[in-house]
Number of protein chains: 2
Amino acid sequence: MIRKWKTNSYTNILNTFVFNYFKAERESGELKGQFDVLECRNWINVFAFDSSNQLILVKQYRHGIDDITIEAVAGVVEKGEDHLVAAKRELLEETGHSSDNWTHIGRVSANPAFMNNYCDYYVARDCLKVSEQNLDALEEIDILTLSLEEAHSKVRSGEIHHSLFLAGLGLLSLSSL
Amino acid sequence: MIRKWKTNSYTNILNTFVFNYFKAERESGELKGQFDVLECRNWINVFAFDSSNQLILVKQYRHGIDDITIEAVAGVVEKGEDHLVAAKRELLEETGHSSDNWTHIGRVSANPAFMNNYCDYYVARDCLKVSEQNLDALEEIDILTLSLEEAHSKVRSGEIHHSLFLAGLGLLSLSSL
């Protein structure tokens, strides 16, 4: 019967733009060890569809893999910000689109093995272009629209490969939307 | 038109059990900045089904969220190890099961924004119990079996929430298996 471990100490080692790194000393019965924990802010992903049911995706350079990805609209939930507010803000900033038709389709843990944060997923329907992009200082984002079937095809070919996009497809396949 | 950024420097800041942390100084046109990169080993996930088509899942305490999760069989690909060999090894170690029927269903990037690694997904069919668990020194793992429909139900209820499990469901829904 799996139980939660007891935390003996929890020490902040290093803080960066993306994460704060902690060492946790924990024990369970006769087991005892030190474990890496990254504290990150929560994230949102938006599966945004326009009035023609085309998925609005973003193409950008990603520093982790030093390569270009195609992904859903996504971003960080700011401190004290509501998830839905963050989702609407990111859709507007990254694509200039807005929607009055939002549905929360699920929440995943980013990586429970060593990260403490979650990603909330929204579907936005009938998105309309209402402004230009409003990007962060170090962001460059192209927009592309694909049918869901075309997006599936790019997953099968490996061109779309972000784990959080795939997790969103998983949630979408289980939702009634 | 999105282009790859140029790397001016790439500096190792800190090495831990789970990741090696680097600062990359990069530029693109007039944009220039420092970016966090975590180098991690690649991972594998196994969607393991027994001869009754029940999904063999693992329940364990996870240090990132300080809570208990239900997940697919998963683990790290050791240096120089083949992905499929790692998948077979993890299935045997975590559950004592073995299979002669393996299919690679896809690969995702863990988080291209700041991580450099990938996770390969396998479906293993007709798994048989051939040994006891053989866990790492600091692992405690319970095994449970669910139909795929029961697993879907636990995703909908939020009881299963690991992003990499959900990504696997996304891949599974797009495969012909």
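Two strands count as paired if DSSP finds at least two bridges between them, and strands (E, at least two residues) and helices (H or I, at least four) are DSSP runs numbered from the N terminus. In that sense Lys59(B) stands opposite Ile70(B) in β6(B). This is a predicted model, in which local features need pLDDT of at least 70 and side-chain atom pairs count only at pLDDT 80 or more, whereas totals for chains, interfaces and linings use all residues. Residues are numbered from 1 along each chain as its sequence is written, while chains are lettered from A and ligands numbered from 1 in the order in which they are written.

**Chain A as a whole**

- Chain A holds three helices and eleven strands, and along the sequence these follow the pattern β-β-β-β-β-β-β-α-β-β-β-β-α-α.
- Taken along the principal axes, the C-alpha atoms of chain A fill a box of roughly 60 × 40 × 30 Å.
- Chain A is divided into domain 1 (6-39) and domain 2 (43-174), with bounds that come from an automatic or database domain assignment, and the C-alpha centres of these two domains lie 30 Å apart.
- Of the 177 residues of chain A, 40% count as buried, a class that requires 20 or more other C-beta atoms within 10 Å of the residue's own, where C-beta atoms are placed from the backbone (exposed means 12 or fewer, and partly exposed lies in between).
- Among contacts in chain A between residues at least 6 apart in sequence, 60% join residues at least 24 apart, a contact being a pair whose C-beta atoms, placed from the backbone, lie within 7 Å.

**The three-stranded sheets**

- In chain A, an open sheet of three strands has the order β1-β2-β3 with antiparallel pairing, and its edge strands are β1 (6-15) and β3, each of which pairs on one side only.
- Nine bridges join β2(A) to the antiparallel β3(A), and Ser28(A) has Leu31(A) in β3(A) as its bridge partner.
- Chain B also has an open antiparallel sheet of three strands in the order β1-β2-β3; β1 (6-15) and β3 (31-39) of chain B stand at its edges with a single partner strand each, so one side of each is left without a neighbour in the sheet.
- β1(B) and β2 (residues 20-28) of chain B pair in the antiparallel sense over eight bridges, with Thr7(B) opposite Arg26(B) in β2(B).

**The β5-β6 hairpin of chain B**

- Strand β5 (residues 55-62) and strand β6 (residues 67-71) of chain B run antiparallel and are joined by five bridges.
- These two strands form a hairpin with four residues between them, and Asp66(B) in the turn has a positive phi of about 55°.

**The contact between the chains**

- The contact takes 55 residues from chain A and 55 residues from chain B.
- Elements that give two or more residues to the side of chain A include β2 (20-28), β9 (101-109) and α2 (148-157), while the largest share, nine residues, comes from α3(A).
- The residues on this side of chain A divide into 27 nonpolar, 17 polar and eleven charged, where Ala, Val, Leu, Ile, Met, Phe, Trp, Tyr, Cys and Pro count as nonpolar, Asp, Glu, Lys and Arg as charged, and the others, Gly among them, as polar.

**Symmetry**

- A rotation of 180° with 0.0 Å of shift along its axis superposes chain A on chain B with an RMSD of 0.0 Å, by least squares on the C-alpha atoms of residues with pLDDT of at least 70 in both.
- That is the relation of a two-fold axis, and the same surface serves both copies, as 100% of the contact residues of chain A recur in chain B.

Conventions: Contact = placed C-beta atoms within 7 Å.
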